[in-house]
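The following exercises concern one protein structure. Please study the sequence and the model before reading each solution.

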Amino acid sequence: MADEPPAKINKPNKLSNKAGKERINWRIWKEQKKEEKRRCKESKLIQQLEKQKREEENKQQIQQEEKESKGALRESSEALGRKARPVSSSHASCNTSSVHSICGNLSSRSIKTCSLLAIQNEGKVYKGVVVAPHIPRTEAGLYWGYSVRLASCLSAVFTECPYKDGYDLTVGTSERGNSADHITLPPFKHMLVVFGGLQGLEASVDADENLNVADPGVLFDLYLNTCPGQGSRTIRTEEAILISLSGLRQKISAVFPDQPKG
């Protein structure tokens, strides 16, 4: 009789809240999906090249039309005895009652982050310059909105992470998770908190063809109930975000004690 294979022993996961269940290794899983994406990219390459070619042709046509238009404008200006003046600034509305003159030729109907220079007493027009969107946050410590990344499915939230080393702390929220009141967060650089819809993260797992798990808890380092004793069958996602972030704020601050508390 052949020897029976040794029983598989699950390695203990210090951050997992599900006893006896091994958390998915997203690094290995991501490498497997990379090969599938590579094959898909090859099939789309010809379409992308054709699209780029069409765009380049359209761009050249637009440039040619603009060149002809500028030539006609120059001829008209010279005929009137005036010299055409290049555009060196743009007028922008910065959510005030005054008009602002911004250095550079900006495209219309675009959103920019502007730094206004010292207030000038030359009228109602103030001068400013366009800066990177992160400047108010990194230099002045101000909240300046958020960016949006669209993920096609739940697994893409992890695999398409914009950070090189991915998220080093992932948190799933569910009424079936452990209470968040008694946990301590480990040190991290990039933390991800995931909220489900009215049907919970279970519905997101079921709809993801890339996942072969039934329990959402194995996808995260921590699976938390951020609103224990909620008293209602469901909580709207927009409400869950405010409740969860309020409850996690002090725990996140404890990880970074040197940061200002303002």
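Helices (H or I, at least four residues) and strands (E, at least two) are DSSP runs, numbered from the N terminus. The model is predicted: local features need pLDDT of at least 70, side-chain atom pairs count only at pLDDT 80 or more, and totals for chains, interfaces and linings use all residues. Residues are numbered from 1 along each chain as its sequence is written, and side-chain values use heavy atoms, with hydrogens and water left out.

**Exercise 1.** State how many helices and strands the protein chain has, and give their order.

Solution. Step one: the protein chain has 5 helices and 7 strands. Step two: read from the N terminus, the elements follow the order α-β-β-β-β-α-α-β-β-α-β-α.

**Exercise 2.** Decide whether Thr-159 is buried or exposed.

Solution. Step one: buried means under 20% relative accessible area, exposed over 50%, and partly exposed in between (1.4 Å probe, protein chains only). Step two: Thr-159 counts as buried because its relative accessibility is 11%. Thr-159 belongs to helix H3.

**Exercise 3.** Identify what Thr-159 touches, not counting residues up to four places away in sequence.

Solution. Step one: contact means heavy atoms within 4.5 Å. Step two: under that exclusion, Thr-159 touches Trp-26, Trp-29, Lys-30 and Lys-37. Step three: Thr-159 and Trp-29 are 130 residues apart in sequence, and their C-alpha atoms are 8.4 Å apart in space.

**Exercise 4.** Locate Val-148 and classify its accessibility.

Solution. Step one: Val-148 sits in the loop between helix H2 (135–140) and helix H3 (154–159). Step two: Val-148 has 71% relative accessibility and therefore counts as exposed.
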